[in-house]
Amino acid sequence: MSSGLQTGVEVERTSAPRRRITLPIVLLIIAGAILLLSLVRVITGADDIASSGTLNAAFGLAVPIGMAGLGGLWAERAGVVNIGLEGMMILGTFGAGFGGYQWGAWAGVGLGILAGALGGLLHALVTVTFGVDHIVSGVAINILGLGTAQYLASVAFVGKPGGGSTQSPPIPDLPSISVPPASRFLGDIEQEHWFFISDVAALLRAFTLGFSALGIIAIALVIGTYFVLWRTAFGLRLRSCGENPYAAESLGVNVYKYKYYAVVMSGALAGLGGAFLAIVAASAYRDGQTGGRGFIGLAAMIFGNWRPGGLAAGAGLFGYTDALQLRRGGESVHALLLVVVLVLSAVAVLQLVRRRLGPAAIGAVFAALVLAWYLTTDEVPGDFTGFTPHVTTLLVLALAAQRLRPPAADGLIYRRGEGA
Amino acid sequence: MNRFDPRRILLTLAAPAMAIVFAFIITSLVLLAAGDPIGETWRTILDVGSQPRSISLIVNSATVFYFSALAVAIGFRMNLFNIGVDGQYRLGVFTGALVGGAISLPRPLHILVIVLVAMVVSALWAGIAGILKVTRGVSEVISTIMLNFIATGLIAYFLRRVAVPVAGSNNIGTEPLPASGRVGGLSLIPDSPLQIYGFIVVAVLAGVGYSVLLNRTRFGFDLRATGSSETAAVASGVNVKRMIVISMLLSGAVAGLVGMPVLLGEAYSYSLAFPAGLGFTGIAIALLGRNHPVGIAIGALLWAYLDVSGNPLQILVGVSSEIVTIMQGVIVLSVVVAYELVRRYRISQEQRRVARQLDEAAGPSEPREPQGVGV
């Protein structure tokens, strides 16, 4: 319990040595994923599963999920569970619509962040100052955020050109970056459909097609979060509030203050995610725009083991499945089943090598079942692809919950001076 | 605990009263800031309580909310957050409607089958979260949220396969229930053109059952003990894992009743227009009512009242009906804060009282001895 104040990068609890994830390993994982995808692409002929268009769309869909997840990461690293992310995100979409159509896209971004941060401030007030259960407060904020956005929208947007009670007037576009020559060159390679090479080209090309400035800010925020939380004294103190607030208190850390910082930041990031949805994805505020992405963000954070890198991977994965579903959904997701078969088989073989027969058998059985599904059908119904992220999260939690390590004092109510 | 103490009752009532006053102030401020008419809005909301038709609507909504809140409350008493009531009831009512439309049985049996199917399906869906929690340590908060989304997808998929067009609309739904599967209404409200769901009887029974189960049975004692202190419960021989699975199943089974009043008494089929999101309302109402069967009933009536009062606002005063949602959200937040403040106040009062009694027992001038010497 007292390991929260070690000055290391990673607080290790298990005695088993864990491999540090370094840049070469990350690159290897990415290469492996591309290899797998291109193998499946060649076998199935479903070209869309690794096309630059899909990958570009995947990134656009991953950003709001990632921002919500990053919001969850900040709050939970300081020990406050935030399931009010969805409500804060909704506030963000309204703020972006309100500011965006009147004073331009950047004002929309600013107001979206501010609206989300206000939601975060409320959550901090209720959970930190008044010591109410975090989940209770989050549920209430989801109700309140939705009602507030809908009410204000009907006050602010009705009667404006292009606006109404469920929609804001159009928001002007943010600048987006594209590199046409590189895009053309890489596009030529992609069109050849060579094994692996074309897929790498597609991945690179995805970043040369229109790429919103807000997307770049989002990437910077993920990296920035890593540096602030894991490389600065501020971050160490903030994380210590999530691991053992009473130990932090005994070292003179003002735990309340850090929790406030974290939860307000959390709301601001969720608001930014909402602003991205309104400004970049839809060019307007729309009622029901978030569609549960706050919850998926939370799932991405858990998938990523409360770490920024893992969170980005989770958001990327969920964004990818979402993009596949939107572009020729049935066929592409059907091809993805083969990826699942390959991954499960690999897990089964790995477990067999380690002489763990039980897990190996379970892996093999599931691989066989999915393979049977793949062989007997031509398409996965669109309704099923819609909940791919949620099933993935459940599976990850069910299979790896013991390896996940949330902050030790996550969700516990802290009162100053009441440490045992 | 049960001794009559006016101070205690006053304090218990103080929290919700404070919350409602606070919500009134905040909502008025929001109206003021938005430039909407404050006086007329409140007058319209208050008027709703005097119209027989609105009262029927309120009682009917409250019946539905009551089941949902009861399902959540069972989990709460055990420190389990069943956020998945939403998915559970929708899956249950969908399957119930499907089965009910496909079979034909004599009257009471037909209804019984529909209700049982819904309860079992909902219970099993909730049970997944329970099993994941005890075998794999997965937090039920996350798993039930995920299961909600999965339920939505599953229902959409199967509905498309079995659906028939709903008469008079371009909506699709399950095969309508035959007359033997329907529950008639009761004319409880005088002068009202609407009837009250016959299922309200079941709601009352469920409330009584909940109270008896929790307060008068060994199971209920174990459940409350586990909720208060897991370690103490383990020490007294409670199998916590078993309790978690059973409470999740029980909570899910009650969730299966949520859709029943509407299905059996009004809609007769599950369509895309079937009320959704009732599970989240249930969470809010369980919090308002402090998991007490009577408290929940009052909370459900209050919530339904606000819901119904939103409708005329748009038409009569031109104020968006979502102002009501804001008020509901503020009430929940301020109620939980108020309960917490009252709880703290009570503890500090208690400590002061004990300290005073100890002082008196020890005598005015003697120094206090440790370990009860001189008592």
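The model is predicted. Chain A has 17 helices and two strands. Its radius of gyration is 22 Å, close to the 22 Å that the globule rule gives for 420 residues, so chain A is as compact as a globular protein of that length. The C-alpha atoms fill a box of roughly 60 × 60 × 40 Å along the principal axes. Of the 420 residues in chain A, 50% are buried. Among contacts in chain A with a separation of 6 or more, 77% join residues 24 or more positions apart.

Next, the contact between the chains. Chain A supplies 37 residues and chain B supplies 33 residues.

| Element of chain A | Residues |
|---|---|
| α5(A) | 134-156 |
| α12(A) | 293-303 |
| α16(A) | 382-386 |
| α17(A) | 388-400 |

α5(A) gives the most, with 14 residues. By class, the side of chain A that touches chain B has 24 nonpolar, 12 polar and one charged residues.

α5(A) also packs within its own chain. The axes of α3(A), residues 85-103, and α5(A) come within 7 Å and cross at roughly 15 degrees. Angles under 35 degrees count as roughly parallel, so α3(A) is roughly parallel to α5(A). Their crossing is left-handed. Residues in this contact include A:Met88, A:Leu91 and A:Phe98 of α3(A), and A:Ile141, A:Leu144 and A:Leu152 of α5(A). By class, the contact has 12 nonpolar, five polar and one charged residues.

How values were computed:
Residues are numbered from 1 along each chain as its sequence is written. Chains are lettered from A and ligands numbered from 1 in the order in which they are written. This is a predicted model: local features need pLDDT of at least 70, side-chain atom pairs count only at pLDDT 80 or more; totals for chains, interfaces and linings use all residues. Helices (H or I, at least four residues) and strands (E, at least two) are DSSP runs, numbered from the N terminus. The radius of gyration is taken over C-alpha atoms; the globule rule is 2.2 Å times the number of residues to the power 0.38. A residue is buried if 20 or more other C-beta atoms lie within 10 Å of its own, exposed if 12 or fewer, and partly exposed in between; C-beta atoms are placed from the backbone. Two residues are in contact if their C-beta atoms, placed from the backbone, lie within 7 Å. Ala, Val, Leu, Ile, Met, Phe, Trp, Tyr, Cys and Pro count as nonpolar, Asp, Glu, Lys and Arg as charged, and the others, Gly among them, as polar. Axes are lines fitted to C-alpha atoms, for helices over the stretch in contact, and angles run from 0 to 180 degrees between N-to-C directions. Angles under 35 degrees count as roughly parallel, over 145 as roughly antiparallel, 65 to 115 as roughly perpendicular and the rest as oblique. A crossing is left-handed if the near helix is turned anticlockwise from the far one by less than a right angle, and right-handed if clockwise.
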